[in-house]
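Here is a short briefing on chain contacts and model confidence. Read it alongside the sequence and the coordinates.

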Amino acid sequence: MLNLINTFINSPLDQFESQTFFSIFTPFMDMNNFNITTFALYTFIVLFIIISLFMFTNNNNMIMGSKWFITQEMIYDTMVNTIKNQMGGKLWGFYMPFIYTFFMFILVSNLLSMIPYSFALTAQFVFIISLSFMVWLGMTIMGFYKHGLVFFALFVPQGTPLVLVPLLVLIEMMSYIMRSLSLGLRLAANVMAGHLLMIILGGLLMQFMSINILTTILGFIPLLIILCVVMLEFAIAMIQSYVWTVLMASYMKDVQYLH
Amino acid sequence: MKRFPTPIVKPLWPFFIAAAVTYYGVSKFADAYGNTDEYINDPRNPRFAKGGKIVDLTKNKETMEE
Amino acid sequence: MNFCSLTLKSATKPLLTQGVRYVPISTNVRYLSSPSTPPPVKDPKTKAMSIIDALPGNSVLSKTGILGTSAAAAIYAISNELYIVNDESILLLTFAGFTALMAKFVAPLYKDFANARMNKVSNILNESRTRHVDAIKERIGSVSELQNVAETTKVLFDVSKETLELEAKNFELKQKVDLAAEAKSVLDSWVRHEASLRQEQQKQLTQSLLAKVESELSNPKFQEKVLQQSIADVEKLFSKLK
């Protein structure tokens, strides 16, 4: 049941493979949904990190948090400002906690995946794309519930000549439907590409450094380049979570106010 | 701990519906994809944990052709 | 020539001091003595010492012990395949490098920023607290001025009582004065009435007298009598003259 042995890396894509650590087996029903896989483990780790970021930094519930809490305040402030600017109107407050939760989850799992030997939650295409599809579908349901058939006005940009309306409706509808894929694909592809790039560069450098002692010493120069790539990946990890937030807020604005 | 009266179900119910729909759809898709010829004999297929046998695809095809 | 010697002097001085300062110092003493002024040129020995300083522990022995044990542990782990050197090891190295860079350059900046921010917030909180305390003190001060309000009211009550009594007296006196004035005016008017009555009587008396005289004058008998008397008077006078 416990399977922690298989930690060898055979291909660069192996780091995205999720292994089952613990599974319940019954002959009567399908219990696969309750398996503890790498994915589930890392989801719990992310949850634990997010909760502990709030619990352990608030200075025993005093008025002022500790030094670490300022980061939380900054993130919260940034989120409020971003969502307010993107959505406008009065409804942003209803959806701010939702979008903030997404931001924290993606940010923490992105940064967690940057630690070596760890697992990239946000590079799991199935998970991330179903997440973005869920967001898109929820927004669509909300739009139809709120505006009825007037919701289709979203597909006609303001001030379009009547001749172009059918074509534009087709294009806009395509782009609207593609949002469900593109939102998640952008994040997952970025994270996956970053991790692949790092592991491939690491493998190449490893081969170069294991030739002889001279190459081992010379290998420290490309190591600096990989260090730069790692820094870039850290930046991407943060930027991608922000991009998700901005896009989600702007999609939410589209649905709430129609343009 | 202070309780904040944040509305959760009122603004977010469409997302709950969407989550249920997506979960159902993805699980159906995963099952269907696991049963394709490409992955039916993959060692990661959860079928084997329940004691499933390797399906001989060539034989299957022959039977289908017959 | 002078300039040259000056520059030589200034150039040789630090060199000499450096030589004196850095040559005989052993590693142990160097470690214990923290230089108050940073040396202009870092020699490799101090650099190595700074790396050793960064390690945990107190003496050089424990530091070298830590280094040696960790190296031995790494070699043991790699040789017994507890740790497998593969592609991910490079990433482990780079991650460690990144963490070190962060700890070295970003963490102090963040610490300063966080401290500044916390100071700012705590200053604002403390200021507002002191302001609140001051406001309450001010209020207490302003209220405490009304501490002996009971006595003041008593005094005020007495004063008002006295005033009322005085006013009552005043009113009494005023009424008396009024009464006197009234009586006086009544009496005056009586006097005036009497005087006018007398005047009227006198006037009537004189008028009746005058009328009597005039009626007497208009009487022909009287006129004749007067005329004859006057003629007699005139004749008497003429006789006298003669």
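In this predicted model, the contact between chains A and C takes 19 residues from chain A and 18 residues from chain C. Two residues are in contact if their C-beta atoms, placed from the backbone, lie within 7 Å.

**Chain A against chain C**
- Elements are DSSP runs numbered from the N terminus: helices are H or I, at least four residues, and strands are E, at least two.
- α5(A) supplies the largest share of that side, six residues.
- By class, the side of chain A that touches chain C holds 16 nonpolar, two polar and one charged residues.
- Ala, Val, Leu, Ile, Met, Phe, Trp, Tyr, Cys and Pro count as nonpolar; Asp, Glu, Lys and Arg count as charged; the others, Gly among them, count as polar.

**Chain B against chain A**
- This contact takes 14 residues from chain B and 16 residues from chain A.
- The side of chain B that touches chain A has 12 nonpolar, two polar and no charged residues.

**Confidence**
- The model scores ipTM 0.82 and pTM 0.69.
- Chain C has a mean pLDDT (the predictor's confidence in each residue, from 0 to 100) of 80, and 78% of its residues reach 70 or more.
- Over residues 1-35 of chain C the pLDDT is below 50, and this stretch has six contacts in the model beyond near neighbours in sequence.

**Conventions**
- Residues are numbered from 1 along each chain as its sequence is written, while chains are lettered from A and ligands numbered from 1 in the order in which they are written.
- Local features need pLDDT of at least 70, side-chain atom pairs count only at pLDDT 80 or more, and totals for chains, interfaces and linings use all residues.
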